[in-house]
Amino acid sequence: MSSTESPLKGLRIPAHIAIIMDGNGRWAKQRGLPRMAGHRAGTENIRAIVKECDAIGVRYLTIYAFSTENWTRPSLEVQGLMQILGDFIDRETRNLHEQHVKLQHLGRLNGLSARLRRKVQHAIDLTHANTGITLAVAFNYGGRADIVDAVRDLMTQGVGPDQINEQMISDHLYTREMPDPDIVIRTSGERRISNFMIWQAAYSEYWFTPVLWPDFQPEHIHQAIRDYGRRERRFGGLPEQS
Ligand code: IPE
Ligand code: IPE
Ligand code: MG
C-alpha cells in the first residue's frame with residue numbers, strides 16, 4: 001500500500017484530472033532566471049505528479065503544455081518550448097512505458113516539425129497497449145481548434161445538419177478516447193481557462209491555486225481531491241437530498 005493512500009481514504013477519486021500548468025515564467029523571474037529555466041523546472045515536475053496520480057487511482061491525467069495562442073510568444077521561447085517537448089519525450093518515454101503509462105497527444109500535430117511529430121508518434125505507438133494511467137499532453141492544443149477539427153471531420157464524412165448531435169461532436173474531439181475531466185486544476189493564481197477543453201469541461205469542477213507550476217507538489221493534488229470530494233456535482237439536476 002502506498003503511503004499516499006491513507007490521507008485520501010474513502011474519498012471519491014476523480015477519473016480524469018486536467019491541469020493547466022501555469023506560472024513557469026513567474027517562477028523563473030522570482031529567481032532572477034531566464035524564462036526557459038522556469039519551463040525546464042516545470043517539466044521536471046511532471047514525473048512526480050504523474051506518479052502520484054497513478055498511485056491514487058486517477059485513470060487519466062491531461063497536462064496543458066502549449067496552447068494554439070502560445071505561438072504569439074517570442075520565437076526564441078516558442079523554439080525553446082518545442083525543444084523541451086522533444087527532450088521530455090527522449091528522456092521520459094522509457095520510464096513512463098516501464099510504469100505502464102499510456103501516452104496520448106491532444107492538439108494539432110501538423111503544426112509541429114516533422115522531427116517532433118515522429119517523436120510524439122513513436123511515444124504514442126510504443127505505449128498504446130499500456131493499461132496504467134493515460135497521460136495526455138495537450139501541445140499545440142486549443143479548445144476552439146478542437147471543435148473546428150471535429151466539425152471538419154464530420155463534414156468530410158458527409159454528416160448532414162439534421163444528423164449532428166452532441167455525442168457525435170464529443171466522439172470527434174481529440175479526447176474521443178477519454179472521459180470528460182472531472183476536475184480542472186490551474187496553478188499560478190490565474191482564474192481563466194485560456195481556451196482549454198472548452199467543450200469537455202462544461203461540467204467539470206475547477207480548482208485554482210496560487211502555487212506556481214514548478215512548485216506544485218503531490219500534496220496539492222491531495223488538497224484538490226479533498227476539496228473535490230466535498231463538492232456536489234449536479235449536472236443540472238437537483239441536490240441529492242431534495
Ligand atoms: C506556463 O507558464 C507554460 C506555458 C504557457 C507554455 P507560463 O510561461 O505561462 O508562465 P507565466 O504565466 O509567464 O508565469
Ligand atoms: C495557458 O497558459 C496555456 C498553458 C498553460 C499551456 P497561458 O499562460 O498561455 O495563458 P494566459 O495567456 O495567461 O491566458
Ligand atoms: Mg502563463
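The largest pocket comes out at about 610 Å³, the volume being the space filled by probe spheres set on grid points joined across faces, edges and corners. A pocket here is an open set of points on a 1 Å grid over the protein atoms alone, where a 1.4 Å probe fits, with protein on both sides within 12 Å along at least five of seven lines; lining residues have an atom within 4 Å of a point. This is a predicted model, so local features need pLDDT of at least 70 and side-chain atom pairs pLDDT 80 or more, while totals for linings use all residues. Residues are numbered from 1 along each chain as its sequence is written, ligands are numbered from 1 in the order in which they are written, and side-chain values use heavy atoms, with hydrogens and water left out.

Some 31 residues line the largest pocket, with M21, N24, Y64, A65 and N70 nearest its centre. Strand β2 is the top contributor, giving 5 residues (strands are DSSP runs of E, at least two residues, numbered from the N terminus).

Ligand 2 takes up this largest pocket, meaning that more than half of its atoms lie within 2 Å of the grid points. Around ligand 2 sit I20, M21, D22, Y64, A65, F66, N70, R73, R186, R192 and S194, each with a heavy atom within 4 Å.

Note on methods: Helix = DSSP H or I, 4+ residues; strand = E, 2+ residues; numbered from the N terminus.
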